[in-house]
Amino acid sequence: MSSPVETTAQNLAADVRSGARSARAVLEEHLVVIESRDDEVHAFNLVLADEARASADAVDARVANGEDPGPLAGVPVALKDNLCTRGVPTTCSSRILEGWRPPYDATVVERLVAAGAVVVGKTNLDEFAMGSSTENSAFGATHNPLDLTKVPGGSSGGSAAAVAAGFAPLALGSDTGGSIRQPAALCGVVGVKPTYGAVSRYGLVAFASSLDQIGPFSRTVADSALVLEVIGGHDRRDSTSIHEPAPDLRSVLDRGVEGLRIGIIEELSGDGLEGIAGDVRARLHEAAAALEAAGATVATTSVPSTVYGLSAYYVVAPAEASSNLARYDGVRFGLRVDAPTSGDMHAATRTAGFGDEVKRRIMLGTYALSAGYYDAYYGKSQKVRTLLADDFARAYEEFDLLLSPTAPTTAFPIGEKTADPMTMYLNDVCTIPSNLAGHPSMSVPFGVGDDGMPIGVQVLAPATGEPTMFRAAAVLEASAPPGHPAVGGSVTGPTGGATA
Amino acid sequence: MTERISRSDVAHVANLAHLSLTDDELEAFTGQLADVLDHAADLEALDLDDVEPMIHPLPLRNVLRPDVVGATSDRSEVLACAPSVEDEQFRVPPVLGEAP
């Protein structure tokens with residue numbers, strides 16, 4: 001029998017439901033791994049050991065009573081710390097929310113717990129999910145568990161690192177411009193951004209409301225499929241939620257890609273795009289060849305306006321953020337820095353509570369929405385989204401799925417890109433178009449780069465195209481070259497210089 | 001081409017956003033915001049006069065829910081999140097002028 005920290009969520013749940021293993025024993029094994037390595041990885045802002053033990057015991061009690069605790073029975077899950085958990089601190093890795101305990105659970109948290117999952121902790125992120133490296137956290141950077149000198153990606157770097165390190169087989173993150181897919185690629189795990197509206201955003205602390213989506217991290221494609229079936233589907237508390245039940249994804253995983261038409265996005269993967277590394281391009285073309293060998297037809301195609309994605313995103317996302325983050329004023333929750341007048345109190349609180357990247361984006365957004373600039377920036381960017389959606393629609397007349405790299409390079413050294421925000425933003429060039437269009441996409445690990453660190457391939461689908469997307473992901477998973485040896489829970493394996 | 005963002009623009013925007021910046025911060029942020037806006041300048045070349053802005057990624061229509069009484073948040077729980085409360089209300093410093 002393999003150790004719980006090396007197996008899949010599906011197998012763990014099956015064992016717990018059948019009584020072969022107790023949820024408590026599964027949890028304790030994961031807590032040991034967290035205890036042994038999270039000091040150096042810093043995936044968690046908060047480990048909920050006592051609460052998790054109580055939940056695991058409750059799951060075991062239900063099994064003992066002959067009840068079925070659900071499809072995630074006893075599976076430890078880590079939650080990005082921008083997902084509200086009732087009575088449990090939810091910080092967004094910001095000083096401005098330090099000490100805040102939400103009076104309600106996010107819908108995704110309710111649904112995970114109802115399915116038997118055990119919440120083990122809240123994971124680190126770039127403050128308010130603004131960043132691509134999890135270095136912009138008020139509580140310190142998260143390190144890539146495969147090489148501690150490298151970033152885990154971001155903004156959901158804590159969740160990606162938790163799964164890669166074997167702290168939990170599942171985690172949830174949020175993805176506004178690539179914040180699930182890019183860290184998944186850099187840590188060698190699966191990460192999914194669902195169709196906009198497929199998963200309820202109720203209880204997700206808002207960054208850019210028209211782009212934000214919650215999605216899973218896991219070590220296998222099937223585990224992410226399972227999580228989406230649990231957390232997806234209509235929620236009346238999110239007005240942007242799609243009025244349909246979550247699609248059945250696990251049943252399509254073995255259908256293969258015979259007859260599917262798959263297009264490689266030229267603008268995001270060709271030699272023409274500056275910054276896409278040679279090893280990343282090589283893995284992408286091997287992935288395309290694997291899909292072709294499995295019966296798909298593969299061709300290169302053009303989605304011209306993807307080249308404007310980055311520019312449009314860095315207007316739209318900060319604009320929405322500047323509006324969403326206006327609520328942090330020291331009145332109703334979180335930090336207050338006292339001052340003689342309310343106006344001074346707002347400014348003192350926000351100045352002390354927000355980090356530099358958040359301030360940068362609030363100011364950028366305020367500028368883009370201000371009188372005289374609205375049409376030039378925000379208005380124009382919203383039109384680029386239409387252009388992009390039209391280009392995608394044309395591509396999807398010819399193709400069922402599209403393919404691109406997830407991130408331009410493997411994980412980069414901690415500190416390398418913090419001085420120049422624009423260099424950091426370029427990390428998201430391949431992932432942003434799906435958010436702007438509201439489409440689903442996911443990153444699947446596909447071998448390693450010249451430095452031995454993981455590389456991810458991105459599968460893109462049209463809105464509500466998750467079932468087809470998961471079919472291709474399953475084929476890629478089955479045909480992928482060996483990944484990083486440490487992913488899958490080994491805590492003693494070779495993991496690069498600093499961890500030795 | 002839109003003019004490059006100036007120090008006084010950034011100071012104005014910081015004021016609108018209720019953020020206080022030191023001189024050094026103002027200098028650094030001005031350069032960084034200008035870099036991002038320069039990147040966004042590639043949008044200016046696009047002819048988008050006939051393109052409709054995307055308001056929402058999916059063609060959802062607004063609907064009204066039935067107006068029925070249901071559970072809401074507990075007032076004391078919500079007030080317990082606040083830094084300062086008095087008589088079941090949020091307490092703030094004076095809005096006009098200073099406290100006597």
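L211(A) sits in the loop between β5 (190-193) and β6 of chain A; helices (H or I, at least four residues) and strands (E, at least two) are DSSP runs, numbered from the N terminus. This is a predicted model, in which local features need pLDDT of at least 70, side-chain atom pairs count only at pLDDT 80 or more, and totals for chains, interfaces and linings use all residues. Residues are numbered from 1 along each chain as its sequence is written, and chains are lettered from A and ligands numbered from 1 in the order in which they are written.

L211(A) is buried, with 25 other C-beta atoms within 10 Å. A residue counts as buried if 20 or more other C-beta atoms lie within 10 Å of its own, as exposed if 12 or fewer do, and as partly exposed in between, with C-beta atoms placed from the backbone. Neighbours within four places in sequence aside, L211(A) is in contact with T176(A), G177(A), A317(A) and N435(A); two residues are in contact if their C-beta atoms, placed from the backbone, lie within 7 Å. Q182(A) is 29 residues from L211(A) along the chain, and 16 Å separates their C-alpha atoms.

Helix α1 (residues 9-18) of chain A is also mostly covered, with seven of its ten residues buried. Among the buried residues are L12(A), A13(A) and V16(A). Their cover includes α2 (23-41), α3 (49-64), β4 (170-175), β6 (213-218) and α7 (221-231) of chain A. After α1(A) comes G19(A), which has a positive phi, near 85°.

The helix α7(A) leads on to another pairing. α7(A) packs with helix α16 (residues 466-479) of chain A at an angle of about 160°, the axes being 9 Å apart. Axes are lines fitted to C-alpha atoms, for helices over the stretch in contact, and angles run from 0 to 180 degrees between N-to-C directions. α7(A) and α16(A) are therefore roughly antiparallel; angles under 35 degrees count as roughly parallel, over 145 as roughly antiparallel, 65 to 115 as roughly perpendicular and the rest as oblique. On the α7(A) side, V221(A), A225(A) and L228(A) meet E466(A), F470(A), A473(A), A474(A) and E477(A) of α16(A). This contact has six nonpolar, no polar and two charged residues; Ala, Val, Leu, Ile, Met, Phe, Trp, Tyr, Cys and Pro count as nonpolar, Asp, Glu, Lys and Arg as charged, and the others, Gly among them, as polar.

Chain B has three helices and two strands, in the order α-α-α-β-β. Its radius of gyration is 23 Å, well over the 13 Å that the globule rule gives for 100 residues, so chain B is more spread out than a compact globule. The radius is taken over C-alpha atoms, and the rule is 2.2 Å times the number of residues to the power 0.38. Of the 100 residues of chain B, 17% are buried.

Where do the chains meet? In chain B, 44 residues are in contact with 55 residues of chain A. α1 (7-16), α2 (23-40) and α3 (75-79) of chain B each give two or more residues to the side that touches chain A, and α2(B) gives the most, with seven. That side divides into 29 nonpolar, eight polar and seven charged residues.

Helix α10 (residues 309-324) of chain A packs with α2(B) at about 130°, with axes 8 Å apart. The two helices are therefore oblique to each other. L310(A), S311(A), Y314(A) and V315(A) of α10(A) make the contact with V36(B), H39(B) and A40(B) of α2(B).
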